[in-house]
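Subject: Structure for your review

Dear colleague,

Please find the structure below.

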Amino acid sequence: MTDSNEIAGTVIANPGLSSDEVTHRQAQYGPNALEEKRVSVLRRFWGYFWGPIPWMIEVAAVLSALVRHLADFFIIVTLLIFNAAVGFWQEYTAGNAVAALMKQLALKARVRRDARWQGIDARQLVPGDIVRIRSGDVIPADIKLVEGDYLSIDQSALTGESLPVTKRTGDEAFSSTVVKQGEVVAEVTAIGANTRFGKTASLVQQAKTASHFQKAVLTIGDYLIYISLTLVAVLIIVQLHRQVPWPDLVQFALILTVASIPVAMPAVLSMTMAMGAMALSKRKAIVTRLESIEEMASMDILCSDKTGTLTQNRLTLGEIAVFYAADEQEVLLAAALASRVENKDVIDEAVLEGLKNKDRLAAFHQTAFVPFDPVHKRTEATIQDIGNRTFQVVKGAPQVIMEMAGLSGNTLAHAQQVVDDFATQGYRALGVARKNNAASSWVFLGILALFDPPREDSAETIAQARDYGVSIKIITGDNLAIAKQISAKLGLGSNILRADALPINNDGNSSDTDRKHSIETIEKADGFAEVFPEHKFNIVKILQQRDHITGMTGDGVNDAPALKQADVGIAVSGATDAARAAADLVLTAPGLSVITNAIEEARRIFERMNAYAIYRICETIRIMFFVVLAMVFFDFYPITAVMIILLAFFNDVPIMTIAYDHTGLEKNPVRWNMQQVITVATAMGIVGVIGSFGMLLIAMDWMHLDVAQIQTYVFLKMAVAGHLVLFVARGKGHFWQHPWPAPIMIWSAIVTKLAATLLAAYGFGLITPITWPEIALIWGYSFVSAMLTDWVKVQVYRHMSQDTSRHRSFLERIQQSLHAFEHRK
């Protein structure tokens, strides 16, 4: 059976495209689908073995194989595969944004071709096709309405608008939006990637942010490698001059290099973040990209979508202005009688929810009902009461209802003022009237205000975020008045800008001064209204260019590009598949309160990673400088190759427990300050080197130990002091001022150091044993050395903090001078 050629009483004369023309246009425009760039899974996986960090680990593996330390070789290869697997899984999980967007596309379309209607797959549509769109349809492409009265369209997923919009003949409607009411004939204007929806998907593909975590790991790795290679080169040159046998020198140099390369660093940091991700999951936040935890700790601006995120995404009854009615409930009763429960209309539901005594509705029977349409802009019902008396009720656009009731003079002016006041507050106004019989006139009962209320926890969450140094900016597709009203209720500020007033797309004609002013305007704004996906995307990019670590919350397809571009993309509870796939953090509980929990957890995780980075650099400096300089000055190996391997085991394996450490909580966003990390770690490392030489001189000149005993002496000192350095590195203050370490950290230190002590005492055929009094001396010396290292660390932090304050004050004075100069100009 074919469809009728009549739509809304209009005969369709356009025969549509011919089959030949369709074939031609399909060849010209391609399918109505999003382009998908496929890379083989294997190729993506192997990509994680290419790059500075993988090269560093691969070199360590090759060196271990060359010196036939197979145990080390297999451990290093396992770490390499682990790091690759973690990175691959993150990409695979977070890289599904385009696939999720494609699922949103309409699957079928009714198209007129060769003068007849037919059903086809939506991907076969071409520009110029004539299509039929009905209530309940997902619009298959961007279209222009050509015949029919109207469409009421829910385009919240694309624009974020909380209410359906009305489209009439000549208007455009967008792909993947949902038709709520109406039936029209339309012409396809754009398909696939050229639709507004397709451009949104394209923005998701373009969205890329470099991980600050990856940059930090590379910086640390580069620093350690440069130090290691320089010292090994010095060692080789000096030892060759002394005519040390090649095999012994090469073996020791290779082992020393392997020990100094931080092969476990990516794994330790990834595990630290993974444990944090597990903790966040218990707080109803699912992490899809591990690095985002570190970004969350650094986040200083959070751009929040309004509808469904800061608000409840449901219309709620507000104020009621009473005109010719006994009270507010009489106005509401009339509005409720002009509603139909089964229609599930958002306005009807808000009205019915506001009625206090719903039992009153049982006394009335609805004999006729005229649903809302954008032409007449009202719903109307004929009601019969229990006395069989009939009357009519109507609700709709205030101007329409005022005209029906024949308002004039002061009453009309007052009603118009009420509507204007509601509009200023961002409320939607609804007029209500009653007609007692056919012969009487309509009586204007009053005006209802409807609005989308804030979530109960939004204001508190925003206040908490500010306490943590995070600025919140509201971003919405709704109009300026609504944005300002919600912003005021949540205490966000009143500097809300219209998106079309933002020159975020440079046309090439703007001067540098104008562009700088525009960027500063965006930076200082409290929020943005009437935005489209490209606006959100560009706002996030501009804030990132201003060196802000930017978060973005959202729930719709329209939010996906900005979520992907943001340093921290947060999909709120109930978000679409597209939003969840593009996000780094997916909230499974309603509201934003979990975000403050995530910020707290992220900052604790950051402190753990920062402590480990300082520890790792310090250890490398401590071991490398001491070993190389001792060989240069004293011409003997202060530690054997076997001891270096054992030292790496005793220090690096238990360090995994740092993922469980208890840390302090910074009140402001924290970032990788590599200058500070490297300076503090280097200072601590130098103190360790000096302490190790002091221990060596005691062993040589005071205790007169032989070389084998000295090597055990040095080994135990480095093993004991190594873990103490981690406890020292845990914070900026003295180690006793930090939160108490996690029990697992303490026990791992005790167990591994006991093992090292027993090995030093009894040897077990691996090393030369030393006496218990000598062991006691080493332990005491190590504790004193740790206290000294802690004191130096605190002084370095204080000095750098004072320098930073002076530098900031200097910059502020310069900025004030520039502002004064510009003002005078």
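Predicted model: local features only at pLDDT ≥ 70, side-chain atom pairs only at ≥ 80, totals over all residues.

Residues are numbered from 1 along each chain as its sequence is written, and side-chain values use heavy atoms, with hydrogens and water left out.

A nonpolar core is a set of buried Ala, Val, Leu, Ile, Met, Phe, Trp, Tyr and Cys residues joined through side-chain atoms within 4.5 Å; buried means under 20% relative accessible area with a 1.4 Å probe, protein chains only. The largest such core has 122 residues, and Met 296, Leu 585 and Phe 715 have the most contacts inside it. Helix H23 (residues 593–634) gives the most to this core, with 24 residues. Helices (H or I, at least four residues) and strands (E, at least two) are DSSP runs, numbered from the N terminus. A second, separate core of 27 residues includes Leu 317 and Ile 347.

In helix H18 (residues 480–490), the buried residues include Leu 480, Ile 482, Ala 483 and Ile 486. Among the elements that cover the buried residues of H18 are helix H12 (306–310), strand E17 (443–451) and helix H17 (458–467). Just after H18, Gly 491 takes a positive phi of about 70°.

Strand E22 (residues 568–571) is covered on both faces: Val 568 and Ile 570 are buried on one side, and Gly 569 and Ala 571 on the other. Strand E21 (residues 550–554) pairs with E22 in the parallel sense over four bridges; two strands pair if DSSP finds at least two bridges between them. Ala 571 in E22 is the bridge partner of Gly 554.

The structure also holds four cavities of 30 Å³ or more. On a 1 Å grid over the protein atoms alone, a cavity is a set of points where a 1.4 Å probe fits but cannot get out, and lining residues have an atom within 4 Å of a point. A volume is the space filled by probe spheres set on the points. The second largest cavity has about 70 Å³ of space and is lined by 13 residues, of which Ala 721, Val 725, Ser 785, Ala 786 and Thr 789 lie nearest its centre. Helix H26 (707–728) is one of the elements that give two or more residues to this lining, and H26 gives the most, with five residues.

Yours sincerely

Conventions
Buried < 20%, exposed > 50% of the residue type's maximum accessible area, 1.4 Å probe, protein only. Contact = heavy atoms within 4.5 Å. 1 Å grid on protein atoms, 1.4 Å probe; cavity = no way out; pocket = protein on both sides within 12 Å on 5 of 7 lines; lining within 4 Å.
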